[in-house]
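We will go from stop to stop, picking residues as we go.

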Amino acid sequence: MVFRKLPGVSASGMGLRLSQKFVFLLFLSGLVTLCFGALFFLPDSVRLKRIFLSKTETQPVTVGSGSENDAREHIKRPKDQDHPRGITSARGETSTKLKSLSRRPSVSHEATEERLAGGKAQEDLTLPRSKTESASEKATSVDHDASSDTFSYMKFKSCLLKPPLGRDGGKPSDLQTNERREKVKEMMKFAWDNYKQYAWGKNELRPLTKNGHIGNMFGGLRGASIIDSLDTLYIMGLMDEYNSAKEWVQTSLDLNSNGEASLFEVNIRYVGGLLSAYYLTGEELFKSKVMELGEKLLPAFNTPTGIPRGVINLGSGTSWSWGWASAGSSILAEFGTLHLEFVHLSKLSNNPIYTEKVMNIRKLLNKIEKPHGLYPNFLSPVSGNWVQHHVSIGGLGDSFYEYLIKSYLMSDKTDDDAKKMYYDALEAIEANLVQKSPGGLTYMAEWRGGILDHKMGHLACFSGGMIGIGADDGAAEKRQHYLDLAAEITHTCHESYTRSATKLGPEAFRFDSGAEATATRLSDRYYILRPEVIESYMYMWRLTHDPKYREWGWEAVEALEQHCRVESGFSGIRDVYTMTVSHDNMQQSFFLSETLKYLYLLFSDDDLLPLEDWVFNTEAHPLPVIRKSCLQDEATQDKTEHHHNT
């Protein structure tokens with residue numbers, strides 16, 4: 001025994017004097033206290049702390065169960081998804097769609113400390129793809145009857161009320177309208193052909209210099225313009241172009257990248273684009289690719305609150321917040337613009353984890369206090385508290401509200417939580433943000449801690465269409481009011497176009513110092529081929545059939561042709577108020593996905609992608625309404641037939 005070598009210890013090994021026993025026990029108890037006490041000062045990412053401390057102690061915000069399926073879904077969740085990730089804000093660059101200014105932030109002190117302290121423990125915070133079942137594997141290994149639990153494309157098609165492409169591809173009977181539609185189709189072919197010639201496989205075309213642009217929003221993923229164009233090419237009947245795009249996806253779309261991607265942009269463009277391509281065509285290629293990509297996005301949710309961080313390394317699964325976002329916060333328009341796509345990922349994979357992740361976000365938002373019923377733009381993924389009281393229906397906030405009403409519509413009007421959140425938010429927006437200018441224009445101001453900034457961004461012009469599609473399901477006495485409000489906002493956004501020299505709208509316009517619906521700052525005068533105003537024209541046409549919306553759309557086509565079309569594609573312009581145009585040398589992928597698609601739909605019959613069956617994500621990728629009762633009836637019928645056949 002070791003005691004034999006200690007002075008004063010008897011041969012029996014236990015004969016310590018009383019004073020020695022006291023000193024020894026004092027030393028031992030001090031050592032134990034020190035070891036266990038130290039656990040409470042270790043960073044959250046250290047493995048020992050996760051072992052000894054309960055989850056509730058490491059999570060400042062807990063979210064209660066919100067649906068009867070939560071317990072069942074929790075059982076199916078891979079354990080790796082429960083661990084919070086230690087990395088906070090590091091570095092990033094803003095998306096041109098979400099935020100116009102790009103800043104290079106420095107690495108935060110907290111992030112540096114946690115990286116050093118976490119060490120190797122960081123590795124098991126990522127989603128181990130070798131040890132964890134993939135979403136597609138789970139879909140095929142569920143031990144239920146395959147006829148009810150495996151997604152069937154034929155069942156899905158039978159649950160649509162109308163053919164996706166209408167009677168004749170949505171071709172209008174009116175000759176002039178059809179000519180205008182054909183012009184939009186020619187614009188798409190021109191934009192696509194030049195992308196294919198000069199930038200094939202890159203993310204976007206630079207039409208002036210005739211080369212490709214990759215950028216750093218997509219984490220090493222390529223072909224953003226290809227993925228964004230798949231459904232547009234298909235609905236326009238440009239089948240040669242569609243087939244070359246499909247072939248590129250099959251042979252060249254590499255999802256094994258190791259770069260830093262915007263969770264928001266990858267979701268709305270790549271996940272959304274692949275989902276819609278699958279639902280429109282039934283090509284299994286698109287389904288398998290989107291399942292693989294969806295799984296790579298899950299580690300972004302590994303935070304103490306379950307609110308995902310904005311940037312994710314698609315290879316390692318490490319995530320962090322945008323450096324320019326206040327105090328390492330997550331952005332409302334980013335974490336609030338995942339619901340539509342993630343619900344469909346769960347549907348296709350038969351894995352509830354995707355729906356669970358976005359429902360957790362909703363539960364947290366329902367739980368926390370909202371100033372005047374409004375949702376600020378910045379939320380801490382660590383504490384679950386608002387970071388600033390800046391509210392905007394434009395950039396940083398916009399598509400969160402859009403996804404509330406669209407979640408309700410996509411659920412076949414069964415998602416009552418989404419419905420209540422949307423109409424409550426709309427009531428708060430009307431009470432606090434909606435303003436009328438001296439000239440009679442209705443607009444949405446921004447709210448900064450109770451002080452109004454009388455500015456409306458181009459991005460906020462989607463709200464005319466949003467309020468329009470939600471009008472029918474509001475309180476009976478408010479339905480006409482909502483439709484009128486939608487028309488007024490769309491009119492204001494049209495005014496921002498007509499009051500410029502080019503008849504294209506600025507990035508932001510103001511209603512102060514005597515200005516109305518015009519940009520007063522040089523930095524707000526640019527137009528980057530954005531779709532939001534045309535998007536509202538399309539929805540308002542479908543809802544009212546007022547011919548002015550088609551006329552306004554044609555004005556935009558003529559302006560795009562005159563000022564944005566160049567020799568080898570389309571380019572944004574730097575100042576909409578001068579006829580001496582300066583181009584920005586960028587054909588944005590959303591021009592192909594959104595701007596031209598919405599124009600084509602505006603000049604098509606309503607049976608092309610009918611709104612009863614389809615909901616558009618914020619990148620204009622159509623996703624089908626999920627009719628659970630129909631799908632379940634079909635499954636029951638299949639089971640019965642299978643039983644009789646055996």
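Which residues do ring pairs link into a cluster with W614? Select F151, Y153, F156, Y278 and Y279 together with W614: ring pairs join them into a cluster. Rings of Phe, Tyr and Trp (its six-membered ring) pair if their centres lie within 6.5 Å; planes under 30 degrees apart count as stacked, over 60 as edge-to-face and the rest as tilted.

**Before you go on**

This is a predicted model, where local features need pLDDT of at least 70, side-chain atom pairs count only at pLDDT 80 or more, and totals for chains, interfaces and linings use all residues. Residues are numbered from 1 along each chain as its sequence is written, and side-chain values use heavy atoms, with hydrogens and water left out.

Colour by pLDDT, the predictor's confidence in each residue, from 0 to 100. The protein chain has a mean pLDDT of 83, and 76% of its residues reach 70 or more. Now select residues 38–148, where pLDDT is below 50. Residues 1–14 also stay under 50. Where pLDDT is low, the predicted coordinates should not be read in detail.

**Stop 1: the core**

Select L365, Y401, M456 and I467. In the largest nonpolar core, of 159 residues, these four touch the most other members. A nonpolar core is a set of buried Ala, Val, Leu, Ile, Met, Phe, Trp, Tyr and Cys residues joined through side-chain atoms within 4.5 Å. Buried means under 20% relative accessible area, exposed over 50%, partly exposed in between (1.4 Å probe, protein chains only). Helix α12 (residues 263–281) gives this core its largest share, twelve residues. Helices (H or I, at least four residues) and strands (E, at least two) are DSSP runs, numbered from the N terminus.

Zoom in on L365. Leaving aside neighbours within four places in sequence, its contacts (heavy atoms within 4.5 Å) are F335, K370, Y375, L379, W386, F400 and M421. Another core, of eight residues, lies apart from the largest one; W320, I331, F378 and L396 are among its members.

**Stop 2: aromatic pairs**

The structure holds 32 aromatic pairs. Select Y375 and F400, a tilted pair with 4.8 Å centre to centre and 55° between the planes. Y375 is in the loop between α16 (353–367) and β7, while F400 is in helix α17 (residues 398–410), 25 residues apart. Both Y375 and F400 are buried.

Next, select Y539 and Y598. Why is this pair tilted? The ring centres of Y539 and Y598 are 6.4 Å apart and the planes are at 50°, so the pair is tilted. Y539 belongs to helix α21 (residues 532–544) and Y598 to helix α23 (residues 589–602), 59 residues apart. Y539 counts as buried because its relative accessibility is 3%.

**Stop 3: a charge over a ring**

Select R565 and F190. The charged end of R565 sits over the ring of F190, 3.8 Å from its centre. Here the rule is NZ of Lys or CZ of Arg within 6 Å of the ring centre and within 35 degrees of the ring normal.

**Stop 4: two sheets**

Switch to cartoon view. Two strands pair if DSSP finds at least two bridges between them. β3 and β4 (residues 311–313) share three bridges. Select E260: its bridge partner in β4 is N313.

Finish at the open sheet with the order β6-β7-β8, also of three antiparallel strands. Select I331, whose bridge partner in β7 is F378.
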